[in-house]
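Work through the exercises below with the sequence and the 3D structure at hand. Try each task before reading its solution.

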Amino acid sequence: MAGKVLQAVRGMNDIFPEESAGWQALEGDLRTLLALYDYGEVRLPLLESTELFARAIGDVTDIVQKEMYTFADRNGDSLTLRPEGTAGCVRAAIQTQSMRGQTPRYYYMGPMFRHERPQKGRYRQFHQLGVEVFGLPAASTDAEVIALSARILRTAGVTAALQINSLGSPAARAHYRTLLLDYLRPRRAELCADCQERMERNPLRVLDCKVPTCQDIAHLAPHLADHLDADSAAHFALLQSLLTALDIPYQVNHSLVRGLDYYNRTVFEWVTDALGAQGTVLAGGRYDGLVAQLGGAETAAIGFAVGLERLLALQALQGRVAEAPAPLLFMGALEEAAVARAWQIAERLRDEGISVVTSGPASFKTLMKQAVRSRARFQAIIGAGQLAGAALILKEQLGEGRWQGDLDAVHEGLRSLGVDFPQPAPHTVRNFATARTLS
Ligand code: HAM
């Protein structure tokens with residue numbers, strides 16, 4: 001009896017070559033532009049101790065209370081699939097002492113896991129590019145980090161609007177919290193059930209509730225920006241003048257508070273209405289207290305993350321879809337006896353950086369069909385005839401190009417048809433001097 005066909009876990013997607021070409025193109029563009037700002041890649045574990053996220057993101061956040069994939073491993077330790085990258089990055093930087101006397105700029109790209117209700121633009125396994133900068137407390141760093149975020153969206157060809165806010169210092173926020181509660185309490189009955197609960201745990205989250213009645217109430221609430229401590233107010237004012245100087249349009253959104261507890265001062269989001277309910281493409285902010293809170297030395301920090309699925313969806317809406325690259329040559333073998341020779345030639349071409357897809361042994365008709373399906377620019381078929389000295393024919397599949405000649409002269413044939421031979425395939429590891437081991 002045939003077994004039941006197994007399904008992927010809900011909200012977790014498979015990505016095949018037709019799509020991964022777009023992912024690779026985007027990831028390549030992102031890596032190139034991160035180098036322009038001197039960011040280095042960190043590759044961090046997908047699993048961390050549950051305690052890390054509870055302490056970093058905050059016990060009373062939706063992520064920690066409702067969305068984490070948490071389980072006990074075989075030793076009984078509670079582990080969690082990372083719902084975001086900041087906590088792990090801070091943990092790693094403290095553990096390896098890589099912030100000591102340094103101001104590192106890190107980035108990471110990879111999957112994150114949140115048990116949210118899947119819908120367009122929202123998945124249970126999704127991918128982020130995140131950046132984190134340590135040791136730079138000034139507003140000029142906020143401006144540069146936001147300029148990087150603007151460039152990421154520009155490079156991806158995505159249009160979104162920048163919203164910023166300041167959450168001030170923890171003390172200013174605590175004071176504002178009592179003001180906000182004074183304002184919300186008489187209106188409690190008009191709030192949605194979630195917000196009534198949020199009022200007790202984290203009243204600032206009422207400000208960014210998406211339910212219209214809650215938004216109306218939030219709209220008239222006192223503004224956190226009017227109750228900032230003097231240093232945070234000056235920081236926010238300087239950031240705004242720097243954004244203007246850098247020609248980055250922004251809007252101050254007084255309701256922007258973010259769903260993770262580690263932020264202070266600057267928070268920002270790039271939003272669009274092209275993706276329905278999931279309008280935030282890129283989001284982040286300053287979190288100057290987190291490093292110390294997790295056991296490191298007092299260290300200023302700022303970062304953001306961008307959802308790659310959301311970036312790709314926005315690109316697709318604009319008709320920007322990368323095509324999977326096609327091989328340069330389809331090489332078919334008609335008989336078993338021709339396979340060794342055909343494979344040898346293919347290997348020699350690959351030594352020169354030429355991409356070749358092989359097939360066979362198979363009938364001429366089958367090979368022809370496969371050649372077309374391969375989308376290769378050229379095709380060549382090798383059989384007993386060629387082994388006995390007959391000419392090999394190289395044919396352009398969609399054009400008129402044609403060459404015939406000796407089996408050993410395929411390189412010259414391709415060159416005569418206008419193929420540039422790329423650099424030989426790389427087989428050396430470069431940059432040894434900068435390699436470092438995490439222990
Ligand atoms: P976040 O706002 O939770 O921030 O997520 C950042 C971005 O990840 C979102 O704007 C969205 O594009 C994407 N994203 C989040 N959840 C999902 C989902 N379920 N499906 C698809 N995409 C999603 C953070 O994660 C912070 N760690 C950002 C940060 C870095 N702050 C400072 N440094």
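**Exercise 1.** In which sense do β1 and β5 pair, and over how many bridges?

*Solution.* Start with the terms: strands are DSSP runs of E with at least two residues, helices are runs of H or I with at least four, and both are numbered from the N terminus. Two strands pair if DSSP finds at least two bridges between them. For β1 and β5 the sense is parallel, with 2 bridges. One of the residue pairs is G40 with its bridge partner Y106 in β5.

The model used here is predicted; local features need pLDDT of at least 70, side-chain atom pairs count only at pLDDT 80 or more, and totals for chains, interfaces and linings use all residues. Residue numbers start from 1 along each chain as its sequence is written.

**Exercise 2.** Give the strand order of the open sheet with 8 strands and find its edges.

*Solution.* The order is β1-β5-β6-β11-β10-β9-β7-β8, with mixed pairing. The edges are β1 (40-41) and β8 (251-252); each has a single partner strand, so one side of each has no neighbour in the sheet. Inside the order, β9 (residues 266-271) and β10 (residues 280-286) pair in the antiparallel sense over 5 bridges. There, V267 has G285 in β10 as its bridge partner.

**Exercise 3.** Which strands does helix α4 lie across, and at what angle does the helix run to β6?

*Solution.* Angles run from 0 to 180 degrees between N-to-C directions of axes, which are lines fitted to C-alpha atoms, for helices over the stretch in contact. Contact requires C-beta atoms, placed from the backbone, to lie within 7 Å. Helix α4 (residues 86-95) lies across β5 (105-113), β6 (125-134) and β11 (301-307), at about 45 degrees to β6.

**Exercise 4.** Describe the open sheet of 3 strands and the helix across it.

*Solution.* The order is β2-β4-β3, with antiparallel pairing. Since β2 (47-49) and β3 (69-72) are at the edges, each with a single partner strand, one side of each is left without a neighbour in the sheet. On average, neighbouring strands of this sheet are turned by 35 degrees against each other, direction ignored. Between β2 and β4 (residues 78-81) there are 3 bridges, and L47 has L81 as its bridge partner in β4. Helix α2 (residues 50-57) lies across β2, β3 and β4, at about 75 degrees to β2.

Methods:
Two residues are in contact if their C-beta atoms, placed from the backbone, lie within 7 Å.
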